[in-house]
Amino acid sequence: MEQTIGIVGGGIVGLAVGREVTLRRPGTRVVVLEKEDRVGAHQTGHNSGVVHAGIYYRPGSLKATLCTRGRLLLRDYCAEHALPYDECGKVVVAVDRAEMGRFDALERTARENGVPGLRRLDGTALAEVEPHAVGLAALHSPRTAITDYVAVAERLAADIVAAGGEVHLSTPATAISRTGGRVRVTTPGPSYDVDRLVLCGGLQSDRLGRLAGGAADPRIVPFRGEYLAVRPEKRDLVRGMVYPVPDPRYPFLGVHFTRRVGGGLEVGPNAVLSPHRDAYRRRSVSAADLASTATWPGFWRMARQHWRTGVTEVRGSLSVRSYLRGAQRYVPGIGPDDVVRAGFGIRAQAVERDGTLVDDFRIDVLGGVLCLRNAPSPAATSSLAIAEHVADALGWA
């Protein structure tokens, strides 16, 4: 008898899972339900397009393992389908002595994760890779790449449909129940009865988890990441990507310079608390989303620990000059007059009840429902490997 696998969420991770099911179980009916009118509408379509090489992630963690595997799978998938993929490389730069302890620890992590081609550079060698960047030392990752994740998501959706699956747009899940040994997903239109259900809701993952009977925590606290676009006359000052040494207290990587596959150069993102999970206008506010954040004890515990960093991020959001002050430590030649405000993305950051920022991918199994509770960056890089991991968890090794 034909099995039906339902997937809620038409971002790159959900679509990758759908494709993996069609590859492992030909003949299985795959039904993807996406609440927006297009695939890749949220985190997939509002990130920096970076294909990470595994520099940052705790060795042995799901992020480290699946990022390493996912980069290779994504590279090959883009080559197979003639999708953009540019290994323009990245440097992670330490600009003063105070950062060298973190820098050395980061190098150890990167080497343990097997980052390909990794080199440690002094200031002179850094100038050979990025002539307009400055610093005491840098880690050069030549295989870090950029791509167009929306184009990848659209191709994955086409693969699902070509294999006989279905991708239903403008179809939000409003209820999840179990009936007769199957899982029923209710939408404003028809209901869908499936044998197994995978929830890849990103910014809505906590709400979907609760619909499926899961725990209240972790809760998604949305952070807005704002970008500045560098004016054309200054774009050539960065060849690839220039990153700071990240603060290990946070899962965010810090404001950086990133090339885009369309030829642009962006600065960002920062990390500012967002009053709306789904809207991409600076003044958009959702009362429900604000209430969800404000009523979560973990948010207030997190805020008490990190309020000074939060004030700095808000200051940068309000002032381009303040925003650029940090970025200019790495590329002094790009200043406030050389940039314009660009778009922003919203990161689904899971926060525990005790205020801990969840760092690793989090996957819960609730009977016939598998829920991705935390899948921020590098989820796009890792998407095809996450799909393999999910298929294994479904018992399809």
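**Reading strands, helices and backbone exceptions**

Mentor: Strand 5 (residues 90-94) pairs with strand 15 in the parallel sense over four bridges, where strands are DSSP runs of E of at least two residues and helices are runs of H or I of at least four, both numbered from the N terminus; two strands count as paired if DSSP finds at least two bridges between them. This is a predicted model, in which local features need pLDDT of at least 70 and side-chain atom pairs count only at pLDDT 80 or more, while totals for chains, interfaces and linings use all residues. Residues are numbered from 1 along each chain as its sequence is written, and side-chain values use heavy atoms, with hydrogens and water left out.

Trainee: Which residue of strand 15 is the bridge partner of Val-92, and which strand is joined to strand 15 by two bridges?

Mentor: Strands of a sheet pair through backbone hydrogen bonds, either parallel or antiparallel. Here Val-92 has Tyr-243 as its bridge partner in strand 15, whereas strand 16 (residues 256-259) runs antiparallel to strand 15 and is joined to it by two bridges, with Thr-258 as the bridge partner of Met-241.

Trainee: Are the faces of strand 15 covered or uncovered?

Mentor: Both faces are covered, since Met-241 and Tyr-243 on one side and Val-242 and Pro-244 on the other are all buried, a term that means under 20% relative accessible area, with exposed over 50% and partly exposed in between (1.4 Å probe, protein chains only).

Trainee: What is the strand order in the open sheet of three strands?

Mentor: The order is 3-8-4, with antiparallel pairing. Strand 3 (50-51) and strand 4 (85-86) stand at the edges with a single partner strand each, so one side of each is left without a neighbour in the sheet. Two bridges join strand 3 to strand 8 (residues 145-147), and Val-51 stands opposite Ala-145 in strand 8.

Trainee: How does the span of helix 2 agree with its number of residues?

Mentor: The expected span of a helix is 1.5 Å times one less than its number of residues. For the 19 residues of helix 2 this should give 27 Å, and the end C-alpha atoms are 26 Å apart, which agrees. The buried residues of helix 2 include Leu-66, Cys-67, Gly-70, Leu-74 and Tyr-77, and also Lys-63 and Arg-71.

Trainee: How many helices and strands does the chain have?

Mentor: The chain has ten helices and 21 strands. Its radius of gyration is 21 Å, close to the 21 Å that the globule rule gives for 397 residues, so the chain is as compact as a globular protein of that length; the radius is taken over C-alpha atoms, and the rule is 2.2 Å times the number of residues to the power 0.38.
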